[in-house]
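Here's a quick briefing to read alongside the coordinates. Have a look at the structure first, then work through the points below.

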Amino acid sequence: MAFRAAVITFPGSNCDRDMATALEAVSGQPAIRVWHGDADLPERLDLIALPGGFSYGDYLRSGAMAATSPIMRAVIAAADRGVPVLGVCNGFQVLTEARLLPGALLRNAGQRFVCRTVSLTVCNTDTLFTAGFSAGETIRIPVAHHDGNYFADADTLDRLEGEGRVAFRYAEACNGSARDIAGVLSANGRVLGMMPHPERAIEPAAVPALGGADGRRLFANILASLANA
Amino acid sequence: MQVRVLVRLKPGVLDPQGRAVHHALEGLGFAGVEDVRVGRLIELDVADGTDHDTLKAMCEKLLANTVIESFTIETGAAG
């Protein structure tokens, strides 16, 4: 299958190359690199990835400026058509600021930048991102963020949980996130935002020092789900 | 026309930055500080006659994230 993925680069993105490398490692196809100032996305995309980093220096709020960039209008239109979107770390912040996902990412409750590999519980395996995981499985994915403390009002949190839109929870205290939420899905399940970095855990064998292999499985899930669609 | 937009975290939204500043004030020996919340002041210089709805739209679309923040708009002479 010719897998066509685009990785968006904003000024201050710093995980865009890692994301492209991960996508290529898993799919065998080079990712298409797209600049934030572009007005249009390439055609026939199977996935749009918004990478981690500090877009626009986190000015105003993390992700706020990037959410207004020209390419985001195209990303929102593509998401509305059902093109899968994966936002990691700053990409998750951009997705919430663009209102493609509910809630917001606040400063970590402990005030400190958190940079380590954490355990996540897979909460919903009925999505194209998580289909190859087992329900309730614990996976290990690195985090590296200062503003990862997920917030939404109680009604929104209840709705997300009721609709199976919590993809991952932290299995250990991490950043103060409401209900330990680490990853959130859109209503149609095709947009995923997550603070942990799957692109930093793509070694074929589980090599803990290199982040392990669980991130690779997430990308493999996307490919397998699209191939089976 | 000078406009001041005051952006605050909504009540109930945790403010770790405010808490750290609170602790720092106590560390400097200031007693009696009950709470600290850190917000943001944005000063705009806009065309005279810019209407309130336009300013409100600026706040809702960019200057504040209404999921977590509230805002107030003050218009008036430069101070």
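A:Q111 is partly exposed, because 13 other C-beta atoms lie within 10 Å of its own, and a residue has to reach 20 or more to count as buried. Keep in mind that this is a predicted model.

**Around A:Q111**
- You'll find A:Q111 in the loop that runs between β5 (104-106) and β6 (114-122) of chain A.
- Leaving aside residues up to four places away in sequence, A:Q111 touches B:P16 and B:A20.
- A:N175 sits 64 residues apart from A:Q111 along the chain, yet their C-alpha atoms are separated by 8.6 Å.

**Where the chains meet**
- On the chain B side, 9 residues are in contact with 14 residues of chain A.
- Helix α1 (residues 16-27) of chain B gives the most to that side, with 3 residues.
- Sorted by type, the chain B residues that touch chain A come out as 7 nonpolar and 2 polar, with no charged ones.

**Helix α5 of chain A**
- This helix covers residues 214-228, which is 15 residues, and it reaches 21 Å from first C-alpha to last, close to the 21 Å expected at 1.5 Å a residue.
- Its buried residues are A:D214, A:G215, A:R216, A:R217, A:L218, A:F219, A:N221, A:I222 and A:L223.
- What do the buried residues of α5(A) pack against? Their partners in chain A are α1 (16-27), β3 (47-50) and β7 (138-145).

Conventions: Residues numbered from 1 in each chain as written. Chains lettered and ligands numbered in written order. Predicted model: local features only at pLDDT ≥ 70, side-chain atom pairs only at ≥ 80, totals over all residues. Contact = placed C-beta atoms within 7 Å. Helix = DSSP H or I, 4+ residues; strand = E, 2+ residues; numbered from the N terminus. Nonpolar A, V, L, I, M, F, W, Y, C, P; charged D, E, K, R; others polar. Expected span 1.5 Å × (residues − 1). Buried ≥ 20, exposed ≤ 12 C-beta atoms within 10 Å, placed from the backbone.
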